[in-house]
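The structure itself comes first.

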Amino acid sequence: MTAARTQIDLRDLQGDILRAYGNAYDHTSYAFVHIGCPPEQARAWFSGLVEHVTTAEPWKESKPVTTLNVAVTAAGLAALGVSEVVVKTFSKEFLQGMATRAQRLGDVGSSEPAGWEKGLGSGEAHVLLTINAQETEDHQRALGLMSEAMDDAGGLRIVFQQDTALLPGAREHFGYADGFAQPAVEGFNDDKAPGGGVPEKDGRWRSLAPGEFVLGYPDEDTRDDPKHRLPTAPAAPLGRSGTYMVWRKLYQDVALWRRVLADAAKLYKGGDADKLAAKVVGRWPDGTPLVTHPDKPDPSFDATMRHANDFRYSGDLDGRRCPIGAHIRRSNPRDALGFDGALTFRHRMIRRGMPYGTPLADGVTKDDRSDRGLVFVSFQASISRQFEAVQMQWLNDGNIFGLGHDKDFVLGDPHGKGKMTIEGDPPFFLAPQEAFVKTRGGEYLFVPGMSALAALADGTAG
Amino acid sequence: MTATGTSPRNIDGQAISITVFSTVKWWGRLFLPVLFFVTARVPKLTRTLVQLSFIHFARWSIVKEIPFNGPPQPKQKLNYPHMYFESNFNGGWEEYIDAFSHILTSGMAAFWGSSYGFPKALPVGPFKEYIQDNETEASHYYSAYPHATITMIKSALELDDKLAPLKRNAKRMDPDAFAAAYETLLTDAQRCL
Amino acid sequence: MPVRSANRSGQAYGFLAMTPIKPGEIEALQQYLESLRERGPSPLSRVSRTHMARWVIVPKFHRKPAYRQRKDDMLEIPSLIFSSNLDGDLDSYLDELCEALAPEAPEIWGRCIGCPPEAKGAALKEYLKFNQVDCGFFYAAYGQATVSKVRRTLEQRDQLVAFAVRSQGLSPEELQGAFVEEFAAS
């Protein structure tokens with residue numbers, strides 16, 4: 001017997017978490033600000049910011065020209081004057097920060113923090129401003145306003161900024177449609193439950209409890225709790241309507257990807273390089289899932305349609321259609337691990353990333369030394385249960401799938417050791433090789449709710 | 001690296017140890033031996049455990065009395081039986097307990113239901129707290145093959161059986177026949193590789 | 001009479017000894033056990049029939065008021081648990097253990113009440129058996145496989161994977177030659 005649906009207070013929640021701004025904005029800038037002035041001065045600037053933050057309330061007329069959202073690191077909380085006692089109520093992994101936990105995330109070798117871009121992972125990043133804009137001039141204007149406000153305040157500087165822009169076709173740099181497969185959250189996008197929710201026994205799908213992604217609400221574990229206990233959250237008033245954010249800059253070596261697949265395809269008897277690449281990813285470039293269309297993409301596939309993601313793996317347990325180690329199958333195994341999805345349903349994430357950098361022209365297989373890749377952004381109630389567990393147990397290892405120590409082939413193995421099996425009659429093996437994706441930096445952040453932001457600005461957060 | 005969520009002393013490579021002592025109610029004294037006896041003899045009851053493939057070795061034992069080794073050990077009579085649980089597993093501590101709570105809910109109730117303080121297995125939060133309260137950290141933990149995970153070991157054992165005939169016959173086969181047999185082996189054993 | 005067959009699963013055996021710690025020695029014992037890792041490979045690696053084993057110090061039996069346990073049942077004296085998942089016959093295993101661990105045993109069981117003064121050999125083995133706690137239910141995922149078989153087959157698996165990857169595209173003759181060299185040369 002499930003509890004009655006909870007009503008989310010949209011005015012208290014920042015935007016883009018439960019309901020995506022989607023592809024309404026072409027440009028997104030991420031600016032990490034360092035607070036070098038005393039907390040009272042920082043809070044004055046912060047108050048100014050908070051007035052402009054975009055909430056989760058539905059847009060009444062047209063969409064705003066630009067949106068602003070704010071997140072803070074553990075160091076940022078302290079810089080804003082939050083007491084140590086309160087800061088300690090945040091999760092352990094958030095407090096330690098991503099750089100400290102790099103080893104467990106597989107950020108070693110070419111991805112290790114020592115090689116990260118300046119300003120990321122150093123503890124200097126305090127407040128992250130995420131600005132979305134449609135037209136380039138709106139984007140520039142918003143960035144200008146942001147700079148002005150900081151100059152006025154004094155003692156603030158941007159330690160790292162990443163500008164990003166949508167690629168044509170909402171693709172990422174390896175050429176794949178990305179970002180359209182998201183969890184179905186109860187009360188928000190129940191229409192996406194087929195495929196986005198929890199796969200149930202009789203073929204049905206169920207939306208996820210909002211508390212998996214927003215603190216202060218019941219999650220999948222506590223939704224049926226007769227004692228109505230809520231999931232762990234930071235101390236009031238900071239916890240409510242907040243969420244944790246993972247931000248990572250992932251460089252993608254597109255030339256290497258193309259070369260490796262072209263080379264390997266010479267020995268692959270199951271198809272050409274495009275087919276082999278689709279096997280590695282688990283989808284065709286247009287987004288058609290391999291498990292439903294193993295031989296070629298579906299010409300009628302449309303990522304925005306209601307049932308775009310409505311598929312399961314239980315009819316393909318031997319991986320002949322979609323390899324067991326394919327990227328999307330690893331990052332969201334659905335029912336592939338058996339037990340009616342019980343091993344997977346608590347490890348979902350909302351993803352809101354953006355590609356950055358200019359595309360490498362079609363067919364080019366020589367690196368042009370240009371910086372391009374993906375800014376990975378996820379929102380989840382628990383960084384360790386949702387982001388880190390997926391990274392460690394599903395992407396950077398293969399035990400749970402019966403794949404030994406094989407890692408996700410798209411992300412690659414920083415030590416260049418993991419192979420990938422393409423199941424078949426006979427199977428084909430992709431040789432271990434240098435990673436296609438390298439972590440250039442990242443941070444763990446907290447996205448406060450609106451009243452929490454006000455408390456931070458007032459200095460009443462405790 | 002998959003071993004996470006617990007003290008480094010409980011970890012050796014990929015293997016994680018968990019050690020839990022719980023105090024057992026009077027009726028557990030009668031119930032638990034029956035549960036143990038039946039579980040060992042009815043394969044169906046451990047099928048899920050086998051399928052989950054997290055655990056290398058696990059055991060439940062009852063301590064009913066403390067053997068007397070002479071002074072200065074006081075002769076101790078226990079008021080209750082105490083249940084010792086240990087597991088050697090792979091993956092994260094959190095994911096391990098989550099899996100048991102969600103998938104072996106009735107199994108957890110059967111084994112811990114007679115222990116004082118056992119909240120139900122679901123919701124997971126209180127159950128994890130209960131385990132944490134009753135868990136003792138190892139001072140030293142050892143695995144003979146720390147980097148191997150369960151499914152790797154099971155695959156390796158299965159592969160050994162499948163590979164044996166080809167190893168025996170390889171030399172004297174005709175190359176084309178060998179190539180065909182090798183391909184059949186790979187196809188047949190691909191889930192082990 | 002203890003039910004010894006409950007300690008077996010396949011050919012694997014679950015052994016547990018719970019020994020009382022001498023008063024005042026618990027900290028020294030804990031520090032010593034924790035330091036084993038720093039000194040090099042675990043001493044248990046010398047006992048080749050050991051799959052997985054642990055030493056755990058149990059200072060007391062835990063109890064919270066919320067448990068509503070009527071009487072106290074504190075362990076009068078803290079205990080050292082030694083638990084091992086091993087291959088084959090217990091007696092011969094303990095013989096091997098007591099010999100291989102001769103350097104360390106005085107610092108470990110030597111700190112427990114009732115341990116024979118020299119902490120080795122047959123006397124140590126009897127002490128451990130005297131304090132044995134039987135398994136109620138013992139689960140072994142691959143109880144039919146010994147440590148040496150596990151290690152050998154793991155290595156073979158790695159070998160075959162590497163072979164399978166690099167030999168794609170070889171002609172039948174080349175493939176056979178390479179395979180024989182790798183797996184069947186004798």
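## The interface of chains A and B

In this predicted model, 33 residues of chain A are in contact with 33 residues of chain B. Put together, chain A and chain B bury about 2600 Å² between them, and carbon and sulfur atoms account for 58% of that area. The count of salt bridges between chain A and chain B is zero, whereas twelve residue pairs, with both residues at pLDDT 80 or more, are in polar contact across this interface.

On the side of chain A that touches chain B, the elements that give two or more residues are α5 (102-105) and α11 (383-395) of chain A. Of the contributions to this side, that of α11(A) is the most, with four residues. Sorted by class, the side of chain A that touches chain B holds 13 nonpolar, nine polar and eleven charged residues.

## The interface of chains B and C

Between chain B and chain C, 81 residues of chain B are in contact with 84 residues of chain C. About 7300 Å² is buried between chain B and chain C, with 62% of this area coming from carbon and sulfur atoms. The size of an interface is often expressed in this way, as the accessible area that is lost when the parts come together.

Five salt bridges are found across the interface of chain B and chain C; B:E86 and C:R54 form a salt bridge in which the closest N and O atoms are 3.6 Å apart. Polar contacts between chain B and chain C amount to 38 residue pairs, counted where both residues are at pLDDT 80 or more. Helix α6 (residues 150-169) of chain B supplies the largest share of the side of chain B that touches chain C, namely eleven residues. The classes on that side of chain B are 47 nonpolar, 22 polar and twelve charged residues.

## Salt bridges in the whole structure

Over all chains, the structure holds 47 salt bridges. Side chains of opposite charge can pair when their charged atoms come close. Within chain A, A:D9 forms a salt bridge with A:R240, and the closest N and O atoms of the two residues are 3.8 Å apart. This pair links distant parts of the chain, 231 residues apart, with A:D9 in the segment before β1 (27-35) of chain A and A:R240 in the loop between β6 and β7 of chain A.

## A nonpolar patch on chain B

On the surface, B:V34, B:F37, B:V38, B:V42 and B:L45 form a nonpolar patch, and their accessible area together is about 420 Å². Helix α1 (residues 28-41) of chain B gives the largest share of the nonpolar patch, with three residues, and B:F37 has its place in helix α1 of chain B.

## Backbone features

Most residues other than glycine have a negative phi, and most peptide bonds are trans. A cis peptide bond with omega about 0° joins A:A236 and A:P237, and A:P237 is found in the loop between β6 (205-206) and β7 (243-252) of chain A. In chain B, the peptide bond from B:P71 to B:P72 is cis, with omega near 5°; B:P72 lies in the loop between β3 (55-63) and β4 (82-89) of chain B.

Although A:A170 is not a glycine, its phi is positive, at about 50°. The place of A:A170 is in the loop between β4 (156-165) and α7 (193-196) of chain A.

Technical notes: Residues are numbered from 1 along each chain as its sequence is written. Chains are lettered from A and ligands numbered from 1 in the order in which they are written. This is a predicted model: local features need pLDDT of at least 70, side-chain atom pairs count only at pLDDT 80 or more; totals for chains, interfaces and linings use all residues. Side-chain values use heavy atoms; hydrogens and water are left out. Contact means heavy atoms within 4.5 Å. Buried area is the accessible area (1.4 Å probe) that two parts lose on being put together, summed over both. A salt bridge is a side-chain nitrogen of Lys or Arg within 4 Å of a carboxyl oxygen of Asp or Glu. A polar contact is a pair of N or O atoms within 3.5 Å; within protein, one must be able to donate a hydrogen and the other to accept it, and residues adjacent in sequence count only if both atoms are side-chain atoms. Ala, Val, Leu, Ile, Met, Phe, Trp, Tyr, Cys and Pro count as nonpolar, Asp, Glu, Lys and Arg as charged, and the others, Gly among them, as polar. Patches are made of residues with over 30% relative accessible area and no salt bridge: like charges are joined within 9 Å, nonpolar side chains (Val, Leu, Ile, Met, Phe, Trp, Tyr) within 5 Å. Accessible areas come from the Shrake-Rupley method with a 1.4 Å probe; for residues, only the protein chains shown count as cover.
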